Amino acid sequence: MNRSAIIQVFYFFLYLLVQVMLLKNLVLFNVSFCFLYVAYILLLPIDTNPLVLMVVGFLMGFMVDVFYDSLGLHACTVVMIAYLRNFWLASITPQGGYDAGAGPVIAANGFQWFIVYSLPLVFVHHFVLFFVEAGGFSVFWYTMLKVITSLFFTMTTIILLQYLFYDQRRL
Amino acid sequence: MERLFNFVYEYRAFFTFLALEVFCTWLIIENNQYQGTMYFNSANRVSANILNFSQGVKEYFSLRKINGDLAKENTLLLKKLERLNQSLYSLGTREVKDAAIINRYDFISAKVVNNSTSQFKNFITIDQGLIEAIKPGMAVIGALGAVGKVRAVSAHYAVVISLLNTDEQVSSIIKRTGYFGTIQWDGTDPRLTNLRYIPRHAKPVEGDTVVTSGYNSVFPGGVMIGIIKKINLKEEALFYDIKVELAQDFGNLTYVEVVKSNLKMEKDSLELNVVGPR
């Protein structure tokens with residue numbers, strides 16, 4: 001196990017604890033959630049093996065589920081974006097390709113690129129999460145309101161954190 | 001055969017994805033089944049301790065409010081006791097002599113260590129479990145009204161399915177008229193819940209009190225649920241659409257009582273003998 005892997009394990013638990021101890025209690029107007037733990041999967045280095053991504057995503061989602069009493073729900077959605085992530089990264093490769101070993105972060109690829117990269121993935125995550133939780137489309141507009149407001153909240157937090165903790169490799 | 005292995009190997013990412021998603025779906029479905037024996041929930045030791053710590057920090061900021069609520073509940077209970085004493089005095093006797101009937105329900109006080117109101121399926125974790133003989137299916141009430149039903153227990157903690165959970169249904173009656181229906185939340189506003197299956201001829205009015213019926217012997221009868229806020233009757237509809245304002249504020253729940261129904265077994269087995277399993 002090399003040094004960067006140990007750092008990633010540390011970040012794993014940091015994201016998890018922040019999510020379940022702090023952000024779980026922080027729900028704006030009862031509809032806007034912040035699922036910051038998604039950023040952990042989004043910001044892993046670009047050349048990460050998709051199998052590792054999915055297994056790590058599953059573990060993260062599963063542990064969040066234990067605290068939210070919603071077994072399988074977060075695990076299911078995180079595995080989904082972990083799977084989609086590398087395809088999406090491949091299809092939006094900037095001219096000249098990615099730097100070797102770099103993370104998909106603002107510092108390396110710019111703000112605009114990061115929005116294009118993360119917004120659809122976070123949207124898919126929130127969309128699937130809330131509609132599976134609601135058990136269908138019976139309260140469509142209310143669920144949609146949750147999806148959109150949470151999207152804003154999560155994205156703002158992810159972007160702010162990257163400016164606050166500036167690091168070439170990753171957050 | 002070799003080509004099959006090659007095929008699976010080539011698309012290993014996709015197959016892993018599929019396997020994990022199928023497993024997650026199975027978990028979701030399994031978790032939705034009512035009152036299963038579960039280990040991976042917020043009542044297990046590690047997660048409950050972490051939640052306990054975070055709740056402990058939060059509690060310092062609401063001590064004043066908790067004190068006020070407890071004092072209010074105390075006065076309410078004293079008033080009730082006094083009224084009961086008065087009526088017994090004027091009757092000159094105790095109506096019910098059977099000790100089993102008098103001690104029908106036991107109450108166990110518990111602290112809330114985890115709570116949410118903003119999901120579609122909300123759960124509450126409390127800090128009493130198997131050691132205090134808490135079992136799945138017991139009712140949980142707060143100072144101001146019904147809270148929910150115990151769903152799973154570990155040694156020191158229990159997970160309660162909140163009234164603010166779209167899967168939870170509670171049999172209840174309109175106190176004034178005695179018509180009974182079912183309380184079920186629709187997943188939107190945490191201050192309002194829905195009263196269903198009140199028939200057309202029942203004529204409820206805004207401001208009517210809704211209490212538990214006691215029919216399913218989980219909740220004692222007459223536990224406050226809320227007050228009717230809005231009534232709507234569509235043409236051709238068989239039942240009213242009734243919005244009930246919850247008496248208990250789920251946003252700041254701190255202490256609750258778990259109700260142990262001592263005669264539940266007797267009632268259930270009698271009903272099972274006569275009516276058969278439902």
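Modeller: Angles under 35 degrees count as roughly parallel, those over 145 as roughly antiparallel, those from 65 to 115 as roughly perpendicular, and the rest as oblique. The model is predicted, with local features needing pLDDT of at least 70 and side-chain atom pairs pLDDT 80 or more, while totals for chains, interfaces and linings use all residues. Residues are numbered from 1 along each chain as its sequence is written, and chains are lettered from A and ligands numbered from 1 in the order in which they are written.

Colleague: Why are α6(A) and α7(A) called oblique to each other?

Modeller: The axes of helix α6 (residues 111-134) of chain A and helix α7 (residues 140-164) of chain A cross at roughly 140 degrees. Axes are lines fitted to C-alpha atoms, for helices over the stretch in contact, and angles run from 0 to 180 degrees between N-to-C directions. The helices are therefore oblique to each other.

Colleague: What is the handedness of the crossing of α6(A) with α7(A)?

Modeller: The crossing is right-handed. A crossing is right-handed if the near helix is turned clockwise from the far one by less than a right angle, and left-handed if anticlockwise.

Colleague: Which residues of α6(A) and α7(A) meet?

Modeller: Among them are Phe123(A) and Phe127(A) in α6(A), and Leu151(A) and Met155(A) in α7(A). Contact requires C-beta atoms, placed from the backbone, within 7 Å. The residues of this contact divide into 11 nonpolar, five polar and one charged.

Colleague: Why is α3(A) called roughly antiparallel to α4(A)?

Modeller: Helix α3 (residues 50-68) of chain A and helix α4 (residues 73-91) of chain A pack at about 155 degrees, with their axes 7 Å apart. That angle makes α3(A) roughly antiparallel to α4(A). Their crossing is right-handed.

Colleague: How do you know that β2 and β5 of chain B pair?

Modeller: Two strands pair if DSSP finds at least two bridges between them. Five bridges join strand β2 (residues 121-126) of chain B to strand β5 (residues 158-165) of chain B, and the two run antiparallel. Phe123(B) has Ile161(B) in β5(B) as its bridge partner. In chain B, six strands close into a barrel in the order β1-β2-β5-β4-β3-β12.

Technical notes: Helices (H or I, at least four residues) and strands (E, at least two) are DSSP runs, numbered from the N terminus. Two residues are in contact if their C-beta atoms, placed from the backbone, lie within 7 Å. Ala, Val, Leu, Ile, Met, Phe, Trp, Tyr, Cys and Pro count as nonpolar, Asp, Glu, Lys and Arg as charged, and the others, Gly among them, as polar.
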